[in-house]
Amino acid sequence: MNAPTPPNPTQAALPDAGQALWQACVDQLAQELPEQQFNTWIRPLNASLSEDFSRIHIEVANRFKLDWIRAQYAGRLSALLQQLYGQPIQIDFLLAAKEIPQRVSPARTLAVPEEFAAASGPSSETGLNAFKNRINTSLCFDNLVEGTANRMARAAAMHVANVPGQLYNPLFIYGGVGLGKTHLMHAVGNQLLVNRPDATVLYIHAEQFVSDVVKAYQRKTFDEFKQYYHSLDLLLIDDVQFFANKDRTQEEFFNAFEALLTKKSHIVMTSDTYPKGLTDIHERLVSRFDSGLTVAIEPPELEMRVAILIAKARSEGADMPEEVAFFVAKNVRSNVRELEGALRKILAYSRFNQKEVSIQLARDALRDLLSIQNRQISVENIQKTVADYYKIKIADMYSKKRPASIARPRQIAMYLAKELTQKSLPEIGELFGGRDHTTVLHAVRKISAERQTLNELNQQLHVLEQTLKG
Ligand code: ADP
Ligand code: MG
């Protein structure tokens with residue numbers, strides 16, 4: 001780093017003074033934080049201050065880090081900056097990476113294209129072309145957990161990566177936000193580059209494609225633009241719903257599409273909806289989208305959410321006990337991005353408080369998130385949670401089956417229903433397939449007695465209670 005230059009009233013000095021202020025802030029954090037934390041989160045940051053020092057732009061390599069840094073360090077950064085400068089400085093975090101924030105204006109994505117490539121890790125460039133492939137090397141098949149929700153899409157993507165240009169061309173993957181579509185695309189790119197390091201591959205977000213078209217238009221560089229796109233072996237184009245109403249872009253994409261398919265290059269696309277559900281995209285393009293294989297990614301089911309949490313914690317070098325993963329997975333249901341957010345909060349909370357990851361800790365760390373959910377405990381909810389926990393079918397809660405592997409979880413559910421709801425014994429019996437109230441009473445007495453002596457049972461009940469109470 002440059003030594004801070006003495007303050008100097010000319011305009012040219014301003015950026016240096018800004019850098020010096022930032023550097024002082026960074027130096028201070030270097031002293032406060034454990035070295036590894038500092039190196040991971042703070043050292044890589046680039047910052048620039050506005051001329052009047054009222055704002056600071058901090059660029060972060062990707063959304064993952066951005067969320068983390070905002071959650072963990074924004075407060076301290078802000079306090080330090082204020083302390084060093086004497087007045088509050090507003091912090092703006094910006095993405096500087098290959099991940100384009102959703103639905104931002106093209107102007108903003110235009111401003112940072114070089115950063116995209118710069119942040120994409122070890123490059124697999126051939127060096128021949130001036131374009132970067134924009135593949136994020138950290139998103140690969142190895143760290144994409146498989147489950148029922150993404151099995152088809154994952155298998156198809158894997159096939160494309162290993163045998164491109166043949167089956168499933170184009171591959172169209174659709175699903176809601178945060179379900180792993182972008183991850184899957186990068187995985188295809190990375191895998192193909194492992195197999196064929198000299199392949200020309202491009203990952204591009206549809207919005208970036210739109211702005212590239214605009215740029216080529218303005219700069220009259222259409223020939224190069226075309227030549228480049230038409231020369232690819234693999235084109236990964238993300239969130240094609242952004243092509244809506246962009247006629248010129250759609251036309252260029254159509255041309256690229258045709259050229260690539262003719263030379264048996266592969267195209268993988270993602271979208272938030274299936275092709276026919278796309279609006280304001282030309283019919284001829286929509287029918288092309290649907291002409292290969294169209295697969296959905298669904299929201300992950302409980303088991304997959306548990307597996308993802310455990311895998312992610314491990315990759316962060318942390319240990320997440322299965323019961324904690326169960327607690328979190330049960331309470332955070334929408335998508336993988338939210339799961340990651342919850343995990344980050346928990347791990348941060350654990351590190352900062354120097355406490356082991358437990359259900360209680362998870363509950364504290366996620367307090368805000370959990371409190372907005374409706375915490376009415378119903379018998380149905382208890383039945384479902386207990387069935388999930390003991391891996392039996394929910395129907396077994398009402399069935400007459402008697403094997404211990406089923407009868408016992410059922411008794412546990414009855415016990416919890418009595419403990420955690422206001423329902424009477426006959427009402428509970430009714431909700432368990434029309435059983436007599438004496439059956440419920442028997443279950444309640446049995447489980448509460450056993451709980452006193454059987455440590456393992458007590459522990460399991462504890463997990464279930466915490467999970468249900470959220
Ligand atoms: P989408 O593009 O569908 O909105 P992303 O690919 O950006 O979703 O995924 C959101 C986050 O969740 C990413 O950090 C991604 O790595 C992670 N993720 C999604 N699905 C999985 C999975 N099956 N296993 C591991 N991580 C996943
Ligand atoms: Mg995406």
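**Around the ligand**

Guide: By class, the shell around ligand 1 has 8 nonpolar, 7 polar and 4 charged residues; Ala, Val, Leu, Ile, Met, Phe, Trp, Tyr, Cys and Pro count as nonpolar, Asp, Glu, Lys and Arg as charged, and the others, Gly among them, as polar. This is a predicted model, where local features need pLDDT of at least 70, side-chain atom pairs count only at pLDDT 80 or more, and totals for chains, interfaces and linings use all residues. Residues are numbered from 1 along each chain as written, chains are lettered from A and ligands numbered from 1 in written order, and side-chain values use heavy atoms, with hydrogens and water left out.

Visitor: Which residues are closest to ligand 1?

Guide: Gly178, Thr182, His183, Arg337 and Glu340 are the closest of the 19 that surround ligand 1, "near" being a heavy atom within 4 Å.

Visitor: What do arginine 337 and glutamate 340 touch?

Guide: An N or O atom in the side chain of arginine 337 is 2.7 Å from an oxygen atom of ligand 1. For glutamate 340, a polar side-chain atom lies 2.8 Å from an oxygen atom of the ligand.

Visitor: How much of ligand 1 does the protein bury?

Guide: 94% of the 560 Å² that ligand 1 exposes when taken alone (Shrake-Rupley areas, 1.4 Å probe).

Visitor: Switching topic: what order do the strands of the open sheet have?

Guide: β1-β2-β3, with mixed pairing; strands are DSSP E runs of at least two residues, numbered from the N terminus, and pairing takes at least two bridges.

Visitor: And in which sense do β2 and β3 pair?

Guide: Parallel, over 6 bridges.

Conventions
Helix = DSSP H or I, 4+ residues; strand = E, 2+ residues; numbered from the N terminus. Polar contact = N/O pair within 3.5 Å; in protein donor to acceptor, adjacent residues only side chain to side chain.
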